[in-house]
Structure formats: C-alpha cells, structure tokens
Amino acid sequence: MNAATQYVYVNGEIVPENDAKISVFDRGFLFADGVYEVSSILAGKLIDNDMHLKRLQRSLDELELTSPLTMEDLNAAQIALVEKNAVDQGMLYLQITRGGTAPRQFHFPKDAKPSLVMFTQHKNLLEAPEFETGITAITIPEIRWKRRDIKSVALLAQALGKQQAVAAGADEALMVENGNITEGTSSTAFIVVDGNKVISRRANTEILNGITRQAVLQLIEETDIEFIERRFTPEEAYSADELFITSASTFVHPVVKLDDRTIGTGKPGSVATRLRELYIASAMSS
Ligand code: PDD
C-alpha cells in the first residue's frame, strides 16, 4: 500500500477504498433511502461532532432507521478513520442507509440490515482562497421535497442546482420558494442589514437545521450583532450590506455577487469576516 491509499469504513471495518463492498440491493443506492452527516476536521479533531450526531439520530428517527452502532461507538469509529487517513484538515462523510435484500420492493424489507459507510476528504479549511475574494451565487427555483429538515441522501435536486451554478460560472445556488430564499444547495443563507443585523430563516421542515448555523448563532449571542429570525427575498439579498453562507465544509463564506448583482462593496464584509474568525477560534479551542 502506498501513502495515498484512501481508507474507508464499511460496516464495521476500515478497508482500502478498492476493497469496500455494498450490495446493489442497498436501498441507499436504489431509493436514496438513507441519511448522512458531514463533519469538518481541524487539527485532526472533529468539529461540532456531538451536534452532528444528534442531528443524525433525529434524521434516523424520522425515517424509522436504526444505526448499526450506538452514537458512542459511531464516534469511536469516526475518530479511528480520521486517524487512519491522517486527516489534519478536511471532512468526514458518514452515511447510514436501510440496507436491503432482493427482490426490490418499495416498503421497508423486514430483514434489511442498515449499512454504515464513512470516508474522509482532505481540504484546507483555514486558508480557503474563496474567503479572500468571496464567492458568487445564483438563485434557482426550489424543487425539493417537503422534508428538508431530514439530512437525506436524496440530493438530486441539489446536485442539479449546484451544476446550474457551476454552468453559470458561480459557486453556489440559493433556492427560492414563494418569493423567499430557502437555503443554498449545501449551505444555510444569511443576510446582514443596517450594519449589524443578521437575518436567517427559521429552521423548520423547509430547510436543514444547519449545525454551523446553530454554532454561529450561539457565537452571535456574545457579540453586539443582532439576530433576526425571518424569511428574506432575493431582492433583500441584492440590496443587503452582506450575504453569506455557512456549512461544515465552508464554515462562513461571504457571497459577493448574487445573480448579476454585486452585494455590498463586492468584497467580504466585516460581519461575515468576524463570524468566520469567531467560529474558527471557537472550533480550534474546543
Ligand atoms: N451540507 N443546507 C443544506 C441543504 C446542506 O446540505 C447543508 C450542509 C447545510 C449546512 O449544514 P451544516 O452547517 O450542518 O453543514 C444546509 C453538507 C456540508 C454537504 O452536503 O456536504
């Protein structure tokens, strides 16, 4: 094995990627019948991971899925994989699907055994060039199902949305429903108005309750920044002082252009910059 071998976790074992096996009858593959989490890694440590595992448990419960491991054992397996792949900075992806057996059937098979897989990715999270320049986004219609609070692996609408963004030369797509922005294809959206008021919509079934969003909101409480929980429109975003997104894989990213409109000064704003710094400082010290 050379140093670049990527190890993955599959149902109790850490194996080289090429040795991993999952049944073609797995319902994750056939029906997108499964849930996932992405935790970031800084200095070899999983960030906000307890909150990710809590949301995982909630997603599992909503789909009547059972984790093959207790959350404690799952956490131990995550740590083992991060160590095996020697990840200093990056992400850990974890997925639990319902498993499955032949013949294919729509309702839950009684004898299906859930599958648990994990892999890691190296990514420089602290010196992202996107942070220096800001990223760009487009708005697209919201076409997803109505249970976006469940972190389901059914991500086709999001993959199509991100592809549309990339085809338009942008980095992210913000989805719009009934005239309001719901969220990014893989991120939570915020605007800043009146210099220091941060606005983000309520985390109900219409969006994923972002873990980075929750962590950032906790940090905001200790500052003079005001938080207002409400929906906002693309027009409000166009004329906002700042627009930014959060996610485990980007932390806080300023968005400097939405559709053909420049946001604020066209450079990362002071609130997003401050929240990014606060988030990283808090993650590094936890
Ligand atoms: N996505 N909304 C959606 C639709 C997402 O897919 C994500 C994260 C978020 C932000 O959630 P969090 O702060 O917990 O990462 C919001 C992950 C990173 C992904 O699919 O890769």
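Mentor: Let us begin with I41, which stands opposite L46 in β4. This is a predicted model, where local features need pLDDT of at least 70, side-chain atom pairs count only at pLDDT 80 or more, and totals for chains, interfaces and linings use all residues. Residues are numbered from 1 along each chain as its sequence is written, and side-chain values use heavy atoms, with hydrogens and water left out.

Trainee: Which strand pairs with β4, and over how many bridges?

Mentor: Strand β3, residues 34-42, pairs with β4 in the antiparallel sense over 2 bridges; two strands count as paired if DSSP finds at least two bridges between them. Strands here are DSSP runs of E with at least two residues, helices are runs of H or I with at least four, and both are numbered from the N terminus.

Trainee: What is the strand order in the sheet?

Mentor: The open sheet has 6 strands in the order β2-β1-β6-β5-β3-β4, with antiparallel pairing. Because β2 (13-16) and β4 (45-46) stand at the edges with a single partner strand each, one side of each is left without a neighbour in the sheet. Helix α3, residues 71-84, packs on the sheet and touches β1, β2, β3, β4, β5 and β6, where contact means heavy atoms within 4.5 Å. The direction of α3 makes about 35° with that of β6, angles running from 0 to 180 degrees between N-to-C directions, with axes as lines fitted to C-alpha atoms, for helices over the stretch in contact.

Trainee: What about the loops, where is A43?

Mentor: A43 lies in the loop between β3 and β4, and it has a positive phi of about 50° although it is not a glycine. Most residues other than glycine have a negative phi, and most peptide bonds are trans. In the loop between β5 and β6 you find P103, and a cis peptide bond joins A102 and P103, with omega about -5°.

Trainee: Changing topic, how do α6 and α8 pack?

Mentor: Helix α6 (residues 211-221) and helix α8 (residues 270-285) pack at an angle of about 100°, with their axes 10 Å apart. That makes α6 roughly perpendicular to α8, a term for angles of 65 to 115 degrees. The contact is made by T212, A215, V216, L219 and I220 of α6, together with L275, L278, Y279 and S282 of α8. By class, this contact has 7 nonpolar, 2 polar and no charged residues; Ala, Val, Leu, Ile, Met, Phe, Trp, Tyr, Cys and Pro count as nonpolar, Asp, Glu, Lys and Arg as charged, and the others, Gly among them, as polar.

Trainee: And how much space lies in the largest pocket?

Mentor: About 990 Å³ of space lies in the largest pocket. On a 1 Å grid over the protein atoms alone, a pocket is an open set of points with protein on both sides within 12 Å along at least five of seven lines, a cavity is a set where a 1.4 Å probe fits but cannot get out, and lining residues have an atom within 4 Å of a point. Of the 46 residues that line this pocket, Y36, K162, T185, S186 and S187 are the closest to its centre. Helix α5 gives the most to the lining, with 5 residues.

Trainee: How many cavities are there?

Mentor: The structure holds 2 cavities of 30 Å³ or more, a volume being the space filled by probe spheres set on grid points that are joined across faces, edges and corners. The lining of the largest cavity includes P103 and R104.

Notes
Parallel < 35°, antiparallel > 145°, perpendicular 65-115°, else oblique.
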